[in-house]
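Biologist: Please take a close look at one part of this model, and describe how that part is packed against its neighbours before you turn to the surroundings.

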Amino acid sequence: KKWYAVLGDPIAQSMSPTMHDQWFGQSNLNATYVPIHVEPQNLEQAIQSLRTLGCSGWNVTVPHKQAILPFLDEVDDSAKLMDAVNTVYQTNDGKLIGTNTDGAGFVRSLEEFAGDDGVDAPVLIIGAGGAARGIAFALQSAGYGPLYFANRTASKATELAAQMRNAYVFSIEEAEQRLGKFGLVVQTTSVGMNFAQEGVPLNPKNIARDAIVADIIYNPLETEFLQAAEQAGARIMNGVGMFVHQGALAFEKWTGVYPDTKKMIETITMKVG
Ligand code: ATR
């Protein structure tokens, strides 16, 4: 029987084991997925143990996404670009490869959400940290743009935009005033996350009707930011879809199967709600 894992600190809250175990069942694969609590000082030893014990692949979550890079045999272009790994898979000859499905998972969830209506340009990304970076590069390589960044610390937005084609920077105030021009707004900061910070990173009252407003947060299901955007007439998308699709892309790396995502989004939504 093959086995898979997720490494994090903390890890008890992770919904990945439930999700992947359901997918293994649905795909008639004889495999299981276990959460493993790994503290930062034990990461290298934990990776060595997973090798010894024959783990076929695993996910990596906070706080190990960057720290794991030196302990793998190779990292692919997506992980290099994001300087972070969320998924590890094994090649036939036993090499451990790090990849990153977070950004591509966001794009998949966006496309599933938008359906035939598609996504209008331009795109505003709120934030300029690791999550913003992953999503921005994935959006750009899927052909979306131009991209605008608005971040509390403007210098970080400028630095990120400078690494991309067709990317620009707005101050938070400019973004609020000119919000009506965007077809898609993506909220990537931790503002509004349960037990993190209250409030909104910018006021969405000037959003265009029918624009898509996405938040990567899924706990709570509707941040204050999404609620305000919905009241202003936007179509809102929470972070459950990104979570499910980053997992589906990992599952596909491991098994060759892209699992059902629509039902899984409903399942996860019920668990969080
Ligand atoms: P992640 O990997 O989750 O993106 P990160 O790299 O630490 O985490 O980035 C956090 C992002 O959330 C940054 O854009 C940060 O803004 P700064 O660059 O100004 O720090 C943003 N952020 C965090 N707390 C915030 C707050 N209270 N208000 C506004 N932005 C905040």
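Modeller: In this predicted model, helix α1 (residues 16–26) and helix α9 (residues 240–255) pack at an angle of about 50°, with their axes 11 Å apart, and they are therefore oblique to each other. Helices (DSSP runs of H or I, at least four residues) and strands (runs of E, at least two) are numbered from the N terminus. Axes are lines fitted to C-alpha atoms, for helices over the stretch in contact, and angles run from 0 to 180 degrees between N-to-C directions. Under 35 degrees counts as roughly parallel, over 145 as roughly antiparallel, 65 to 115 as roughly perpendicular, and the rest as oblique. The crossing of α1 and α9 is right-handed, a word used when the near helix is turned clockwise from the far one by less than a right angle, anticlockwise being left-handed.

On the α1 side of this contact stand S16, M19, H20 and W23, and they meet V244, G247 and F251 of α9, where contact requires C-beta atoms, placed from the backbone, within 7 Å. By class, these residues comprise four nonpolar, three polar and no charged ones (nonpolar: Ala, Val, Leu, Ile, Met, Phe, Trp, Tyr, Cys and Pro; charged: Asp, Glu, Lys and Arg; polar: the others, Gly among them). Beyond α1, in the loop that leads on to β2, lies N28, whose phi is near 55°, a positive value in a residue other than glycine.

Helix α4 (102–114) packs with α9 at an angle of about 120°, and their axes are 7 Å apart. These two helices are therefore also oblique to each other, and their crossing is right-handed. From α4, the residues D102, A104, G105, F106, R108, S109, E112 and F113 take part, while α9 contributes G241, M242, V244, H245, Q246 and L249. Six nonpolar, five polar and three charged residues make up this contact, whereas the contact of α1 with α9 has no charged residues. In the loop between α4 and β7 (123–126) one finds P122, which is joined to A121 by a cis peptide bond with omega about -15°.

With helix α10 (residues 262–272), α9 makes an angle of about 125°, the axes being 9 Å apart, and that makes this pair oblique as well. Here too the crossing is right-handed. V240, G241, F243 and V244 of α9 meet M264, I265, I268, T269 and V272 of α10, and the residues of this contact divide into seven nonpolar, two polar and no charged.

Strand β5 (residues 87–90) pairs with strand β6 (residues 96–99) in the antiparallel sense over four bridges, and V88 has G98 in β6 as its bridge partner.

A second open sheet of six strands has the order β9-β8-β7-β10-β11-β12 and parallel pairing, with β9 (167–169) and β12 (235–237) as edge strands, each pairing on one side only. Neighbouring strands of that sheet are turned by 20° against each other on average, direction ignored. Three bridges join strand β8 (residues 147–150) to β9, and the two run parallel, with Y148 standing opposite Y168 of β9.

For reading these details, residues are numbered from 1 along each chain as its sequence is written. As the model is a predicted one, local features need pLDDT of at least 70 and side-chain atom pairs count only at pLDDT 80 or more, while totals for chains, interfaces and linings use all residues.

Technical notes: Contact = placed C-beta atoms within 7 Å. Pairing = 2+ DSSP bridges.
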